[in-house]
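Below are some friendly notes to read alongside the coordinates.

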Amino acid sequence: MSQETVTPDERPGRDTMVEVRNLKTYYEQGGLFGGTPVKAVDGVSFDIERGETLGLVGESGCGKTTLGRTLLQLEEATAGEIRFDGVDVTTLSGEELYEWRQNAQMVFQDPESSLNDRMTIGEIIREPLDVHDWKTARERKQKVRDLLDTVGLKREHYYRYPHQFSGGQRQRIGIARTLALEPDFIVLDEPVSALDVSVQAEIINLLEDLQDEFGLTYLFIAHDLSVVRHICDRVAVMYLGHIMEIGPTEELFSDPANPYTQSLLSAIPEPDPTSTKQRFTLRGTPPNPRYPPEGCPFATRCPVRIRPPEYEHLDEEVWEGIGTLREVLRERERAERTVRERIGELLGRESRFKSLDETYDELFGDVAVPEDVQSVLDDVADLVENDDEAAALALLAEEFASVCDGHADGSGGFDEDDEPIQPEYHSVSVSGRKSFCHRHAEAYREPDDVLDERHG
Amino acid sequence: MSEVSGPTTDEANGPADSGVDRSLRERIRSNPRPALLWAAGALFLVALEFGRLLDGVLVFGQAIVFVIEGFASLPPYIGGNVEGVVAGVAGDTPGLLVGALAHDGTLLAVMFVVATLLQGYLPVRLDDVLGREMSRRRRIYGERLALTAILGAVAFALIYTPVGSIVDTEVGAWVTGVGILSDLPTLTSRELIPNLGHRTPGGGWEGTFMGLSPAWAWAIRNVLVWIYAFVCLAWVWRGYNVYRTYYREADWTPRDDTVKRFRNHYWGMFGLIIVFAFVVLAAFAPAISPVPADANIYEPYNHEFEYLNDDGEIETVYQGRANLLSESDGQGTVGPMSYDDFDRWMPLGTTPDGESMTTNLAYGARTSLIIALSAVGFGALIAIMLSLLSAYYRGLLDIIVVFTSDTIISIPVLVLVMMLVVIFQQSEHWLAEPLDGGVLLAIILGFAYWPGMWRSIRGPSLQVAEEEWVDAAKTYGQTPRKIMRKHMAPYIMSYIMIYASLLLGGIIITVSALSFLGLGITEPTPEWGRLISDGRPYIGTDSYHVSTIAGIVIALVVLAFNALGDGIRDAIDPEADVDGGDAGATAGGGGG
Ligand code: SF4
């Protein structure tokens, strides 16, 4: 799938701790019977420096939690490498995996669910030490009490139960547990999103203090961008299993390069009222990760998607209609028809696959559709009438698809066998920030320009 | 950060939270008084019934021997079969050789399974013993193998050397010793308060407790039994409280709330008391029976007793003969609270066979309890293990379990059980022998009911497998077995307890129904269902008491088990936490 040859995140002269290369995690759902897997993580590559905090942001369902879990080997990677200090942990198993686990731990999102509430706080924090046979039982207890101290709880809390603590305190207990084995690397999976706003800051400060004290390296998964901006050194923005943009936090927030980052950031209210940054809303929802778009993952919602030159100035609404139509057709193509439905259709009975009239009404009813577009739409409708969604889709693609949809540019031709083209990572700043978008290539205009023009 | 909102934050309250780690023994040593007081009381209670306790130990020992013998018969069985097959193909000598190998191989395999189970409890670690570093996996397997070797050596020594017979003699001597000790008089023994005796021509009684009438002697002994039993219960409860107040490190645990909720649950408490009474009835059956079971039921023609006949003479008669003349079969009736013609006291009348109803009921409680408990225990074991494994591993295993349990569930339980019972009883399988089919029935019922139990805990176990603490345990490398035991099993335990107590009632009914149909427990082992069916023809006569009493007792016990299940459910129901307001969590949490 992924064709990039450039390592997207390579900065020489740094002390790299984690190197992720072309990592894919697919969920086979439906168990035994194969089926199309969910592509939760679909080819990501990045590095994490020792001692830094890398933020991982994106809408829910974008695969960021799966990515974090795969790094810790809670999920099995489908392909690719995860190298910790040079060792590919995806190949570890048994004893080696058990030994390695000491180095990488996780703080979980939900403090209600992350602590076994039948165990005392002491037992909870001590368990990792027990598992790894750390020193003697007495020393372990001592260490647990020290850890309670470290995370700002009382040493006497050893024999309390999770029930007796508030959400913030429970999260501190979870943090103490992750620290027990003195790991180098910690995945923080939305560690404060379940907490009251007043408590969030305390936990964030604690995490920062611990990082300084123990020289920890964090992967901070979040959807709250303001928290990320506060704590992270660098940020990776994820969409539909891909990293869309990755780079230093401040730069990325103040001057986002990738259209998806721009959309995401424009959704947070600007604290500064004098800001001139334009606001626009991201339309639609992310596509089903089981059937992601073929080219750029963001193509179905991108506000600055590259268009075929002949249709460049088509109305925004018409484009939206065409986009939705494509989704509808793809949906119909996937939907399996039962035998009964097929027979019913042969007999000329109405099926749940109605003709496109209604859909057209909804999409283009009150929009002025130019002549040439309308004729294509009519052809599409004809094909659908004959139950040939595939051909209809091909026709749509031939007319309206662009490089963003994975088609070789300008050719206009459509060849089933062609590997869809994906964007490449382009360096977008001197700091080495990378963005996954065609628009950074010479041939196209930069996203900012287009955004101003189309939505300004 | 909000302060801990648990029940007590009072640092001066007991030894908890002192910040110093002390073992339980050290904690007791520093404040021995409450523990000693309680232990003295407990010792006194034990001493009162020491003989009966030893009796229990002996019975338990027999049960264990039975199980071990079952397993021990496996290697010879497999060895013999293999020998037969190979001898048929390749001649006698290779047959003998391969058979012996198969025998020893099976033996070692059994030992390895045992060693795997025991390995976690080893007092020393292999790397310490050998004095060198080894990886975890190698250490664990090394320990298992070493343990297998030791067990194997012991087994071989027992089988092939004179050590075996020495041990046998030794064990035999111990058993005899315990047997003699178990004859020590106890507070509630028949010897101390005898109620069997005969009327003297002078109008008094001979042989009974202080010359009282058998009815009074029996009543006194029974009152003692019930007082003793409830004092014991209270003392156990007191022990729990002593521990909680003086020695437990945590000053609050989630279980405290559960116990508290259960104590305020009257319906559940009612169930608990009746169930406890049922257990006491079973445990103290010999003391509660006015006539001992082996004399009255099992070997009535080996036991004689004296009575004052109508002619004013002391005459000797067999229990069996007396039974024949005391039948409650419509024609003659010995009703509740009366003496039969031989001056035997019958508090609940006689059965249609002339036996004592009370004796039958008490020993029948034993039968029902043993069958119900072992069936539920056996079924629950399968259900828990399969649900843990299938929830943890999912995939193919899950599908297989779903398929198997659905298949079993699709056959009506009674039909399935009847089918299996008939098959085993017809073939006179050795399993059908103990308890006149009781053990067989327990195994069959356990097999028939595990899919139901599995279903009742499937949801909870799938749910608990999704909890983040399970993932957390994986991230620090906890073994799957321990994850299932520590992080999953405790959560499904409560659900299985609810279902098990409901099921216990159901199984008692099923066993009764089978016995009623003549399929369950055969004569002479007493069983409630058979009492009902035996008494059924006379329900319209004076002898209506047989079916009626047995029916009422069954209904009451089943009801009580249901009440107990309800009580447990309400006590562990997390919803109740909210109302109780005791758990006091979430001061700043749970936002989303
Ligand atoms: S590649 Fe095309 S669709 Fe994807 S972000 Fe860039 S402009 Fe948008």
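Which residue stands opposite A:Phe185 in β8(A)? The answer is in point 2.

1. A word on conventions. This is a predicted model, in which local features need pLDDT of at least 70, side-chain atom pairs count only at pLDDT 80 or more, and totals for chains, interfaces and linings use all residues. Residues are numbered from 1 along each chain as its sequence is written, chains are lettered from A and ligands numbered from 1 in the order in which they are written, and side-chain values use heavy atoms, leaving out hydrogens and water.

2. The eight-stranded sheet. A:Phe185 faces A:Thr217 in β8(A). Five bridges join β7 (residues 185-189) to β8 (residues 217-222) of chain A, and the two strands run parallel. Both belong to an open sheet of eight strands in chain A, ordered β6-β7-β8-β3-β9-β10-β12-β11, with mixed pairing. Strands here are DSSP runs of E with at least two residues, helices are runs of H or I with at least four, and both are numbered from the N terminus; two strands pair if DSSP finds at least two bridges between them.

3. Axes are lines fitted to C-alpha atoms, for helices over the stretch in contact, and angles run from 0 to 180 degrees between N-to-C directions; contact means heavy atoms within 4.5 Å.

4. The four-stranded sheet. Chain A also has an open sheet of four strands, in the order β2-β1-β4-β5 and with antiparallel pairing. Its edge strands are β2 (38-49) and β5 (87-88) of chain A. Nine bridges link β1 (residues 16-27) of chain A to β2(A), antiparallel to each other, and A:Tyr27 stands opposite A:Val38 in β2(A).

5. Two backbone angles to look at. Most residues other than glycine have a negative phi. A:Leu240, in the loop between β9 and β10 of chain A, has a positive phi of about 50 degrees. A:Asp133 has a positive phi near 50 degrees and sits in the loop between α3 (121-131) and α4 (137-150) of chain A. Are these residues buried or exposed? A:Leu240 counts as buried because its relative accessibility is 7%, whereas A:Asp133 is partly exposed at 30% (buried is under 20% relative accessible area, exposed over 50%, partly exposed in between, with a 1.4 Å probe and protein chains only).

6. The ligand shell. Residues around the ligand, meaning those with a heavy atom within 4 Å of it, include A:Cys296, A:Cys302, A:Cys404, A:Cys437, A:His438 and A:Arg439. By class, the shell has eight nonpolar, one polar and one charged residues.

7. A residue in chain B. B:Tyr298 lies in helix α13 (residues 293-298) of chain B and is partly exposed because its relative accessibility is 37%. Leaving aside neighbours within four places in sequence, B:Tyr298 is in contact with B:Ala293, B:Pro524, B:Thr525 and B:Pro526.

Note on methods. Ala, Val, Leu, Ile, Met, Phe, Trp, Tyr, Cys and Pro count as nonpolar, Asp, Glu, Lys and Arg as charged, and the others, Gly among them, as polar.
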